[in-house]
Amino acid sequence: MAKKSTVFPRAASFLLVATSLISGGSCYNAPNQRQSHRRASSSSAPDATGDRRSFLVASALSPLIAAVAGVGVASLPPPPSASAFENRIDDKYADVVPQEGVPPTNLGPRTGRPSKSSPGGSYTGLAPCPPSPNCWCSSAPFGDNAARYIGPWRGASIRDVKRVIDTYEAGRGGIDGGGYRVVEYDENGQYLYVQFQSYKAGYVDDVEFWYNPAGGAFDVRSASRVGYSDLGVNAKRLEYIGGRLEREYGWELVRRKSGSLV
């Protein structure tokens with residue numbers, strides 16, 4: 001039979017005694033403590049001697065208490081980062097606190113989104129882009145924010161987009177090295193929401209695809225949470241996904257004269 005370890009019981013006893021000494025008493029004279037407490041309560045003057053004694057004892061025992069309290073703890077491995085995506089290209093920066101930003105609360109298709117150019121002053125679809133050049137959206141009317149507009153994509157099913165995302169290569173083209181994850185996939189509602197993460201800083205971009213029955217096409221939105229410029233990351237991502245949908249599934253995308261999507 002293995003010998004039972006006594007390290008932790010002894011450590012616990014030591015901590016109990018040390019804590020009692022620091023508080024000015026002893027764990028073995030509880031009756032005297034109560035009497036001393038009653039006497040101290042009846043006097044309004046502070047016990048300077050007791051304060052000095054507590055300070056000296058605490059100073060002497062603090063290193064020992066810290067050492068004993070750390071028994072069995074220092075050898076434990078650090079917890080893994082809860083925010084690191086599992087399919088990132090490697091773990092080199094996995095322990096860096098990611099700059100995820102504030103998760104948006106306006107995602108998903110919605111009715112009654114304010115619009116300055118739509119009849120009735122509203123539209124149905126994905127959230128509009130801010131003025132900053134780190135977002136692209138095809139739901140918000142062109143007249144609302146022409147600089148951030150991308151034409152809707154025409155295809156058969158959201159399943160095609162899901163297949164492309166499932167085989168997306170993290171780090172491809174020098175972007176999304178932090179990996180990605182599918183947050184929501186609703187085949188019946190023809191909606192897909194994916195988060196992509198940068199390699200070093202851990203910036204998170206929110207990307208959505210939704211079939212808009214009013215237009216008979218898929219609305220697309222890709223937006224960064226943090227910063228002003230995205231250095232072209234969202235555009236590169238959409239170019240790759242859209243290009244594969246064209247080549248592999250026969251989707252029709254509106255391209256500019258230069259041949260690019262955005």
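From the N terminus on, in what order do the elements of the protein chain run? And which residues in the largest nonpolar core touch the most other members?

Author: This is a predicted model, so local features need pLDDT of at least 70 and side-chain atom pairs pLDDT 80 or more, while totals for chains, interfaces and linings use all residues. Residues are numbered from 1 along each chain as its sequence is written, and side-chain values use heavy atoms, without hydrogens or water.

The order is α-α-α-β-β-β-β-α-β-β-β-β-α-β. That comes to five helices and nine strands. Both are DSSP runs numbered from the N terminus: helices are H or I, at least four residues, and strands are E, at least two. Of the 262 residues, 37% are buried. Buried means under 20% relative accessible area, exposed over 50%, and partly exposed in between, with a 1.4 Å probe and protein chains only.

Now the core. A nonpolar core is a set of buried Ala, Val, Leu, Ile, Met, Phe, Trp, Tyr and Cys residues joined through side-chain atoms within 4.5 Å. The largest one has 27 residues. Trp 153, Val 161, Ile 165, Phe 209 and Ile 241 touch the most other members. Two or more residues each come from α4 (158–166), β6 (191–197), β7 (204–212), β8 (217–224) and α5 (233–249). The top contributor is α5, with six residues. In soluble globular proteins, nonpolar side chains tend to be buried together.

Take Ile 165. Leaving out residues up to four places away in sequence, Ile 165 touches Tyr 180, Val 182, Leu 192, Val 194, Phe 196 and Ile 241. Contact here means heavy atoms within 4.5 Å. A second, separate core has five residues, including Leu 107, Leu 126, Tyr 193 and Trp 210. Across the chain, take contacts between residues at least 6 apart in sequence: 53% of them join residues at least 24 apart.

Next, the rings. The whole structure holds nine aromatic pairs. Rings of Phe, Tyr and Trp (its six-membered ring) pair if their centres lie within 6.5 Å; planes under 30 degrees apart are stacked, over 60 edge-to-face, the rest tilted. Phe 142 and Tyr 149 pair edge-to-face, at 5.5 Å centre to centre with 85° between the planes. Tyr 180 and Phe 196, both touched by Ile 165, join Tyr 168 and Tyr 240 in a cluster linked by ring pairs. The charged end of Arg 172 sits over the ring of Tyr 240, 4.0 Å from its centre. Lys 162 lies over the face of Tyr 185, 5.2 Å from the ring centre. A charge sits over a ring if NZ of Lys or CZ of Arg is within 6 Å of the ring centre and within 35 degrees of the ring normal.

Last, the loops beside these elements. Most residues other than glycine have a negative phi. Asp 176 is not a glycine, yet has a positive phi of about 60°. Asp 176 lies in the loop between α4 and β5 and is buried, at 4% relative accessibility. Leu 231 also has a positive phi, near 55°. Leu 231 sits between β8 and α5, in a loop, and is exposed at 74%. Gly 189 is in the loop between β5 (180–186) and β6. At 29%, Gly 189 counts as partly exposed. Gly 189 is 31 residues from Ile 158 in sequence, and 9.0 Å away in space, C-alpha to C-alpha.
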